[in-house]
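Visitor: I have this model open beside me and would like to talk it through. Could you start with the terms?

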Amino acid sequence: MKKMHVALEKLRSAFAEFEAAIAETELPLQIEKNVPTTRTAQRIATLFNRRLTTPWSVPEIKAFRALGVIEDADLEIVERYYAAERAKGDNGFHRRALETFLNNWRGELDKAREFAKVAPKGWAQDSTLKAKEL
């Protein structure tokens, strides 16, 4: 459980550092083509340890757009699930490629919801989506 919290904190820290750097920038950023520009896309890129300046491939963009709107609560629960699974190292059960993750979003969300049902007490304590609400 501690490894899961450490992994989740690293994810949050990386995104917070990015947001702080953006806030300190005085000049307008030159946005490259195909880089994640929405908060949701940036959170997903961070989930896969991608730099936010790394362009996405055309299939990744198509897969992301095909998902439509992703609720923050759904993304939060998937982030927590991935933090827990990645804390297991190579034995963790999670997608390792962004395109595959996006193409299988519904399945990943279902796995995360099932995980939340059996997760240790307090797993979702600071989330807006509690395990019992699933």
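Guide: Buried means under 20% relative accessible area, exposed means over 50%, and partly exposed lies in between, with a 1.4 Å probe and protein chains only. On that scale, buried residues make up 38% of the 134 residues in the protein chain. This is a predicted model, in which local features need pLDDT of at least 70 and side-chain atom pairs count only at pLDDT 80 or more, while totals for chains, interfaces and linings use all residues. Residues are numbered from 1 along each chain as its sequence is written, and side-chain values use heavy atoms, leaving out hydrogens and water.

Visitor: OK, how many helices and strands are there in the chain?

Guide: The protein chain has 6 helices and 0 strands, where helices (H or I, at least four residues) and strands (E, at least two) are DSSP runs numbered from the N terminus.

Visitor: And which residues touch the most other members of the largest nonpolar core?

Guide: Ile 44, Trp 56, Val 78, Phe 101, Leu 102 and Trp 105 do, in a core of 31 residues; such a core is a set of buried Ala, Val, Leu, Ile, Met, Phe, Trp, Tyr and Cys residues joined through side-chain atoms within 4.5 Å. The largest share of this core, 7 residues, comes from α4.

Visitor: What does Val 78 touch?

Guide: Leaving aside residues up to four places away in sequence, Val 78 touches Leu 47, Phe 101, Trp 105, Glu 108, Leu 109 and Ala 112, a contact being heavy atoms within 4.5 Å.

Visitor: Switching to α3, which of its residues are buried?

Guide: In α3 (residues 58-67), Glu 60, Ile 61, Ala 63, Phe 64 and Leu 67 are buried. Seen down the axis, they fall within an arc of 165 degrees, so they line one face of the helix; the arc is that of the directions from the helix axis to the C-beta atoms. Lys 62, Arg 65 and Ala 66, on the other side, are exposed.

Visitor: Is Asp 72 buried, exposed or partly exposed?

Guide: Asp 72 is partly exposed at 47% relative accessibility, whereas Arg 43 is buried at 9%.
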